[in-house]
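Please open the structure in your viewer and keep the sequence panel beside it. The tour below moves from one selection to the next and says what is found at each stop.

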Amino acid sequence: MVGNKQKLLGIFAFAMGLILINVLAQYVYTRIDFTKEKRFTLTQKSKTILGKINQPITITVFLDGDLPAPFKRLRNATRDLLADYKAYGGKEIKVIFRDPISGLSVAEQDTVINNLYQSGIEPTTVNIKNDAGFAQKMVFPMAMLEAGSHQLPLRLLQNLNAAGSYEENINNSIQNLEYLFTGAIQKVLSNEHPRIGFTEGNGELSDLSLNDAINSLSESYEVGRVNLNTIDAAGLDKLKVLIIAKPQQEFTEAEKYKINYFVMKGGRVVWTIDQVSADLDSLKGSGEQLAFNKKLNIDDMLFMYGARVNYNLIADANCVEIPLSMGQQGQIELAPWVYYPLLMPDTAHHLVKNIDAVRSEFSSTVDTIGVKGLKKTVILHSSPFNKIFNVPKLLSLQMVAEQPDPRDYASVPQSLGVLIEGTFPSVFLNRAVPAGITGNYLVPPQSKPTKMIVIGDGDVFKNQLSSKDGSAFPLGFDRYTQKSYGNKALLLNISDYLSNDDNLITLRNKEVKIRLLDKVRLRTEKLQWQLINMALPLLLLISFAIFQHYYRKHKYAR
């Protein structure tokens, strides 16, 4: 009797313990993450922002239903992440997963798709392999974040590398999910849309050449053109980031004064500068071209800010291919053009982490200058196989036929893009206010802590145009090679890094590794592993049955 009572008490205590654990689990959230890269653990920065939520937020994820395997991974990763968001955000966060076109007729689907498109929710068509070949399926790798009257569409599939496989793009997307949702929640909470201005008036890239850059940034920022001749101090004060993209004409002292005022007030500037005049279209027309120095009148300003864009051209064996007429019949073929180097991101810095090589045209090296109070970090560099040419230099398309001698190109990586952070000195300290400046510009001797980026190529944010209708291709897409490079990712990262003082871009440091099977071992050891997986469980089961039989026989035979 005593033994039975002890058993009953033990069962009762176990049941009560389970009930208690379940009750506590409703109030205390925890999880143990055994993954090496801590893929299921939110960063402290995200937890802090989630703890500040003071209004109901609804997140609707449209990636649901019958999905291809890669998109199921993205959906499941999104569901796991948002479960953590709900736990740390409390009852203020509501998460909905749904397939917007499930069970609808074709006509109804067209209406729903059009309405979603108007809200910023865009579908993606994928090819699915089946017994009959390939079938197309429309999926919605998108989410909508709603808070009050604000709606913010979110693109879950970060297919910045359109040349990559869906596995690669989805893996990159999973890595960026926390950054995507945390950044979106912060924007909704702050209700701020930083202003980004592309300068004009000095021969900078046109609206059409910057079409995709402006459209991509417009999803999260207020973006427009800024004419330094007409803008005043009040207009500059409203800006967060100023992008100076490939100026062609000399800056006046009044324009430089306004840029300096903007920096001194804590504004962030991105310089993408061509110091050398060279153009492939002109080269194709005449067969050769003399590359020479430009006069932009900004060397003194950049020098004071800790950088120098050199008057040279870098030739790199790691380069882009261009179309050229080859042979007697004039057949168009792609050939490597060493003056279109690929800028390699220095992944040690989270600003350029997880982005592809950046396409450039006629780039120049960038040096850093020792200026007190400034920290310089190289974010873009060449490959180790490069050669630097000083200008003036005669360029000819005949160079394409010349195979680069590895001995001539053996070098060290050259810096082509630099991030500068700190307190900048005023270029106009103890100098008279230049002619043309009217109004009240209070310029201190040094700036507030701010940031600046200098890139030795003016075309990194320029999109290509279609030869048929003149429409703009996505930024970073090469219409000749049909490859996509990291230019758009670079622009988005730079904009986020310079405009966000909370430095949320560090959330991009999370890496999710795809642990695929070894295909070589899979072929050579296929039969072995099939036998292990099928025969071993049966042998274990039979062995256990035999052991149990003889054990019971031995126990009860007495």
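What follows is a walk through aromatic rings, a pocket, some backbone features and a few contacts between separate parts of the chain.

The model is a predicted one, in which local features need pLDDT of at least 70 and side-chain atom pairs count only at pLDDT 80 or more, while totals for chains, interfaces and linings use all residues. Residues are numbered from 1 along each chain as its sequence is written, and side-chain values use heavy atoms, with hydrogens and water left out.

**Aromatic rings**

Begin with the rings: a search of the whole structure finds 11 aromatic pairs, where rings of Phe, Tyr and Trp (its six-membered ring) pair if their centres lie within 6.5 Å, and planes under 30 degrees apart count as stacked, over 60 as edge-to-face and the rest as tilted. Select Tyr339 and Phe389, whose ring centres are 6.1 Å apart and whose planes stand at 50°, so this pair is tilted. The two residues are 50 residues apart and link distant parts of the chain, with Tyr339 in strand E16 (residues 331–345) and Phe389 in strand E20 (residues 386–390); helices (H or I, at least four residues) and strands (E, at least two) are DSSP runs, numbered from the N terminus. Both Tyr339 and Phe389 are buried, a term for under 20% relative accessible area, with exposed meaning over 50% and partly exposed in between (1.4 Å probe, protein chains only).

Next, display two places where a charge sits over a ring, which requires NZ of Lys or CZ of Arg within 6 Å of the ring centre and within 35 degrees of the ring normal. Arg79 lies over the face of Phe97, at 4.5 Å from the ring centre, and Lys451 lies over the face of Tyr497, at 4.2 Å from the ring centre.

**The second largest pocket**

Which residues lie nearest the centre of the second largest pocket? Select Asp281, Tyr340, Glu361, Lys462 and Gln464, which hold that place among the 25 residues of its lining. On a 1 Å grid over the protein atoms alone, a pocket is an open set of points with protein on both sides within 12 Å along at least five of seven lines, unlike a cavity, where a 1.4 Å probe fits but cannot get out, and lining residues have an atom within 4 Å of a point. Helix H10 (residues 280–286) gives the most to this lining, with 3 residues.

**Backbone features**

Move on to Val391 and Pro392, which are joined by a cis peptide bond with omega of about 5°; Pro392 is placed in the loop between E20 and strand E21 (393–396). Then select Lys246, which has a positive phi of about 55° although it is not a glycine, and which is placed in the loop between strand E9 (241–245) and helix H9 (253–264). Is Lys246 buried or exposed? At 14% relative accessibility, Lys246 counts as buried. Asn430 likewise has a positive phi, near 60°, in a residue other than glycine, and is found in the loop between strand E22 (415–422) and strand E23 (450–455); with a relative accessible area of 76%, Asn430 is exposed.

**Contacts across the chain**

The C-alpha atoms of Gly266 and Pro449 are separated by 6.3 Å, although the two are 183 residues apart along the chain. Leu324, in strand E15 (residues 319–326), counts as buried at 9% relative accessibility, and its C-alpha is 6.2 Å from that of Leu334, 10 residues apart in sequence.

For the last stop, select Asn500 in the loop between helix H13 (487–499) and helix H14 (519–524), where it counts as buried at 17% relative accessibility. The side chain of Asn500 makes a polar contact with the side chain of Gln186 (3.0 Å); such a contact is a pair of N or O atoms within 3.5 Å, of which, within protein, one must be able to donate a hydrogen and the other to accept it, and residues adjacent in sequence count only if both atoms are side-chain atoms.
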